[in-house]
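Let's take a walk through this model, stopping at a few residues along the way. Keep the structure open as you read.

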Amino acid sequence: MTVRTRFAPSPTGYLHIGGARTALFCWLYARHHHGQFILRIEDTDRERSTPEAVQAILDGIAWLGMKEDEGPFYQTQHFERYREVAQKLLNARHAYHCYCSKEELEQMRNEQLARKQKPRYDGRCRTHPVSRAGVQPVIRFKNPQSGQTTVNDLVRGRVVFENSELDDLIIARSDGTPTYNFTVVVDDMDMHITHVIRGDDHLNNTPRQINIFNALGAKPPEYAHLPMILGPDGAKLSKRHGAVSVMQYREDGYLPEAVINYLVRLGWSHGDQEIFTREEMIRFFDIADVNKSASAINPDKLLWLNQHYIKSGDPDRLAAELGWHLMRIGITVTDTVKLAAVVRAQAERARTLKEMAEASRFFFEEFTDYDAKAAVKNFTVETLPALREIRARLAAIEEWSAPAIHRVLEGTVAALGVKLGKVAQPVRVAVSGGGVSPPIDVTLELLGRECSLRRLDRAIGWIETGRS
């Protein structure tokens, strides 16, 4: 048997962290078993589905690197197939037309609630549906009224549902459009899906779907329902916890490999290992190892992982991401060699690429002001001789490189009889505008001779005019 999984989001919003984890587990399970991963867009909710939401889902899946083997498929392109299968169920008397009005259904519901009963359709059209002039009926599935439906869930274990608790759900609305539980079964059947991996909020739908499979004479797939993801406080995940679009993580400066590594550990583990390559995830992942209990997100852990991947990542690849973030703050850089050099220089101190972009502004554009605190401390009459001395020595060197610049720094410190910080820090503020930068010799090399000397001249003039 070839394993075939599917990720089937509804495009009524962005791809959030919970949906991304579901997609990842589906993708990993298929890859682990050398199977296929199918992407299906369940867009039958025409009022709430939008092209923008579809694109956000596709962008998120692509950014995370979970390439589908088939798809994306769109349910709105298969309405004729759904009508065909619904008619098949009608012909086999596994479904029936229901002419009940909204008012009748509401009255039925209110009476059941008044009797403290579970609100459900009472099946009044099940055996003798009476057509009404001018009323377009819905189609209901004739659910078994006795016995049990068992879900042998790959995460939760054996879950038993009493069929008497399941009412006759609508599979086609009065306008002919199919409903979720019906289209899912038809698509999973037609696409030969072997394993359905999804959130546990779908567990109650599963017995209904299994019964439709049985009525169609098709074998249901195996099911695995993933526990929900909670916020750090144990409450239901919300926007304040990070339940935002996956693409927001890119905008916030996270790398896709960090997000993927973070997601895989939300409810799954392989010993005590925390950091996984993509190949290791595929090799080790097994749905049987998914925890039954809910997982809580930990923003600090995501930051830690992101910093790890920034430190260990290929500077040439990260350069493109840094360039993207610089562009978002209005700085366009075409020099990819310099971008990669800046990545190498900044990697040890940046937790996100957004932070790195902000901290690297001074490499690519002129700053208008010095950090006030740094200037007060480092631009004084006492530091003026050191700035003049190193400016003269730097202007005289032939090779503008970090090692050569470092030798100049050491020579200046020795000549003045001061500690390195008394020279390096004023220079740092002079050329970067603030008190933080990569090592000063590396910083000056990246800025280049002309820019470095010009900014030193500016700082010297700033002190000489008494602006400190």
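Start with Lys377, which sits in helix H15, residues 372-378. Bear in mind that this is a predicted model. Lys377 has a relative accessible area of 67%, so it counts as exposed. It also belongs to a positive surface patch, together with Lys373, Lys419 and Lys422.

Val408 is in helix H17, which covers residues 402-416. Its relative accessibility is 9%, and because the cut-off for buried is under 20%, Val408 counts as buried. A polar atom of the Ser245 side chain is 3.1 Å from the backbone nitrogen of Met247.

Next, the charged pairs. The model has 31 salt bridges. One of them joins Arg328 to Glu251, with 3.7 Å between the closest N and O atoms. This pair ties together distant parts of the chain: Arg328 is in helix H11 (residues 315-328) and Glu251 in helix H7, 77 residues apart. Both ends are partly exposed, Arg328 at 47% and Glu251 at 28%.

Arg265 and Glu274 form another salt bridge, 3.2 Å from N to O. Here Arg265 is buried at 19%, while Glu274 is partly exposed at 27%. Finally, salt bridges with shared partners link Arg6, Arg40, Glu42, Asp187 and Asp188 into one network.

Note on methods: Residues are numbered from 1 along each chain as its sequence is written. This is a predicted model: local features need pLDDT of at least 70, side-chain atom pairs count only at pLDDT 80 or more; totals for chains, interfaces and linings use all residues. Side-chain values use heavy atoms; hydrogens and water are left out. Patches are made of residues with over 30% relative accessible area and no salt bridge: like charges are joined within 9 Å, nonpolar side chains (Val, Leu, Ile, Met, Phe, Trp, Tyr) within 5 Å. Accessible areas come from the Shrake-Rupley method with a 1.4 Å probe; for residues, only the protein chains shown count as cover. A salt bridge is a side-chain nitrogen of Lys or Arg within 4 Å of a carboxyl oxygen of Asp or Glu. Lys and Arg count as positive and Asp and Glu as negative; His and the chain ends are not counted. The place of a charge is taken as NZ of Lys, CZ of Arg, CG of Asp or CD of Glu. Helices (H or I, at least four residues) and strands (E, at least two) are DSSP runs, numbered from the N terminus. Buried means under 20% relative accessible area, exposed over 50%, partly exposed in between (1.4 Å probe, protein chains only). A polar contact is a pair of N or O atoms within 3.5 Å; within protein, one must be able to donate a hydrogen and the other to accept it, and residues adjacent in sequence count only if both atoms are side-chain atoms.
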